[in-house]
Amino acid sequence: MLLLVEIVWLMLPAGVANMAPVIAARLFPRWDWPVDAGVSLAGIRLFGDHKTVRGIVAGAMVGALVFAAQQRLAVHFESLRAMARLDYAAASWWWGAALGLGALLGDLLKSFFKRRCGRAPGQAWFPFDQIDWMVGALLVAWPMATLDCRFVTVALLVATIVSVLIKRIGYWLNLDDKPF
């Protein structure tokens, strides 16, 4: 159980950052500049219109804000410091921005390969749609946090389960048009 708490605590900035582009799209609909600027490779867009600069910026900002809140909590609560896999006193809010960017860059990389495999935007690609953000965040976290194979394996399983649950809840609440 402690491992699950450690995973959620460390990856919280990345997880929230991964959801930020959807909210930013509703708040700032006109700021929809595609990350790939319309560039194609062999006639296929690199990422597509739905991967935007707005989403990347929102994810980095949200990751930084979540991390800053975690940092303040870790300073005041010994129990949080004791289970943390990184030194919050030595880390900067940039760490949260980097985790957020890592999550979104993992999603971009997956989208690139998804297009190369002929999958349309929005078409399901299990399990890559569920773990892309976690893979990106773990790669960013690796140099600063204490991660082992057990942590990474369980984190990828948690990401898969949580992503499927969130997708289902979004469908039931009519926020998403696909159940999975």
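**Exercise 1.** Which helix gives the most to the lining of the second largest pocket?

Solution. The model is a predicted one.
- Step 1: take the volume; the second largest pocket holds about 210 Å³ of space.
- Step 2: take the lining, which has 14 residues, with Ala24, Phe28, Arg54, Ala58 and Met61 closest to the centre of this pocket.
- Step 3: list the contributing helices; H1 and H2 each supply at least two residues of this lining.
- Step 4: pick the main contributor, which is H2, with seven residues.

**Exercise 2.** Sort the residues that line the second largest pocket by class.

Solution. 
- Step 1: the nonpolar class receives 13 residues.

**Exercise 3.** Describe the largest pocket by volume, lining and helices.

Solution. 
- Step 1: the volume of the largest pocket is about 1,800 Å³.
- Step 2: the lining consists of 48 residues, and those nearest the centre of the pocket are Asn18, Met19, Val22, Lys167 and Asp176.
- Step 3: two or more lining residues come from each of helix H1 (2-27), helix H2 (53-76), helix H4 (93-116), helix H5 (128-141) and helix H6 (149-172).
- Step 4: H1 provides the largest share, 13 residues.

**Exercise 4.** How many nonpolar, polar and charged residues does the lining of the largest pocket have?

Solution. 
- Step 1: the nonpolar residues number 24.
- Step 2: the lining also has 11 polar and 13 charged residues.

How values were computed: Residues are numbered from 1 along each chain as its sequence is written. This is a predicted model: local features need pLDDT of at least 70, side-chain atom pairs count only at pLDDT 80 or more; totals for chains, interfaces and linings use all residues. Side-chain values use heavy atoms; hydrogens and water are left out. On a 1 Å grid over the protein atoms alone, a cavity is a set of points where a 1.4 Å probe fits but cannot get out, and a pocket is an open set with protein on both sides within 12 Å along at least five of seven lines; lining residues have an atom within 4 Å of a point. Grid points are joined across faces, edges and corners, and a volume is the space filled by probe spheres set on the points. Helices (H or I, at least four residues) and strands (E, at least two) are DSSP runs, numbered from the N terminus. Ala, Val, Leu, Ile, Met, Phe, Trp, Tyr, Cys and Pro count as nonpolar, Asp, Glu, Lys and Arg as charged, and the others, Gly among them, as polar.
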